[in-house]
Amino acid sequence: MTVTSLAVRRFAPEGPPAGPPVLLLHGFASDGHTDWVSTGWPAALVASGRPVLVPDLPGHGSSPAPADATPKAVTEELAIAAGDVSEVDVVGYSLGARLAWDLPALLPVRRLVLGGLSPHEPFGAVDVEAALAFAGGGRLPADPLTAAIARMITAPGRDPVALARCIEGLRREPFAPRVGTITVPTRFVAGRDDPVSQGIETLVPLVPGSDLLHVPGDHGGALRGAPFRTAALTFLDTP
């Protein structure tokens, strides 16, 4: 049996499961507790009879820094973390949604919810060296995007070097969504005021039968708001 290196929180309903387990994938420079546990997702899912898996992505939270942080390597690690399942539902947000896009090729995904997803590779223009220089005590980068990333990776409790390695891995395999990659029932969700997911509507035609719901909030606000959770759980409860 192959064992994952990822830290994975597992939640189980008191009685027999009412559906397949739900895999929750958090965003960049966050962790499973911050994005999911503290916002009530596992509690709501367990109450409806669903087992829940909440991993910390490589280099995030309690998971170790990755040797290989490309999306291919990370999704393979997530497939190991999910274990031997006959079906699984997946909810990903931001970076978690970008990784979830590739999971149906590795796991028996039944339904997929992709929230806060950028249709483009958001890390392509980041100056990783400048962000790391700031982490080492240097000046804040002049480029607004790099400055925002620099602040994210240097927030208390985060490992700037591990997160920079994740950025470099994502840059090596830029997100390039194509028609036919996803054939399972899929729901896209985006905050109405979220600049990160601007253009998400261009992804809907690439996934046959998918839909898109807009909910209140910016990138962080949409994630923490009840409308996103309701939109996702309603979709997952569909037979």
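Here is a friendly walk through the aromatic rings of this structure. The model is predicted, so local features need pLDDT of at least 70 and side-chain atom pairs count only at pLDDT 80 or more, while totals for chains, interfaces and linings use all residues. Residues are numbered from 1 along each chain as its sequence is written, and side-chain values use heavy atoms, leaving out hydrogens and water.

A pair of aromatic rings is described by the distance of the centres and the angle of the planes. Rings of Phe, Tyr and Trp (its six-membered ring) pair if their centres lie within 6.5 Å; planes under 30 degrees apart are stacked, over 60 edge-to-face, and the rest tilted. Searching the whole structure gives five aromatic pairs.

Start with Trp41 and Phe228, a tilted pair with 5.1 Å from centre to centre and 55 degrees between the planes. This pair links distant parts of the chain, 187 residues apart: Trp41 belongs to helix α2 (residues 41–47) and Phe228 to helix α9 (residues 226–236). Helices (H or I, at least four residues) and strands (E, at least two) are DSSP runs, numbered from the N terminus. Trp41 is buried, with a relative accessible area of 0%, and Phe228 is buried too, at 1%. Buried means under 20% relative accessible area, exposed over 50%, and partly exposed in between (1.4 Å probe, protein chains only).

Now look at Trp101 and Phe175: their ring centres are 5.6 Å apart and their planes at 85 degrees, so this pair is edge-to-face. Both Trp101 and Phe175 are buried.

Finally, ring pairs join Trp36, Trp41, Tyr93 and Phe228 into a cluster.
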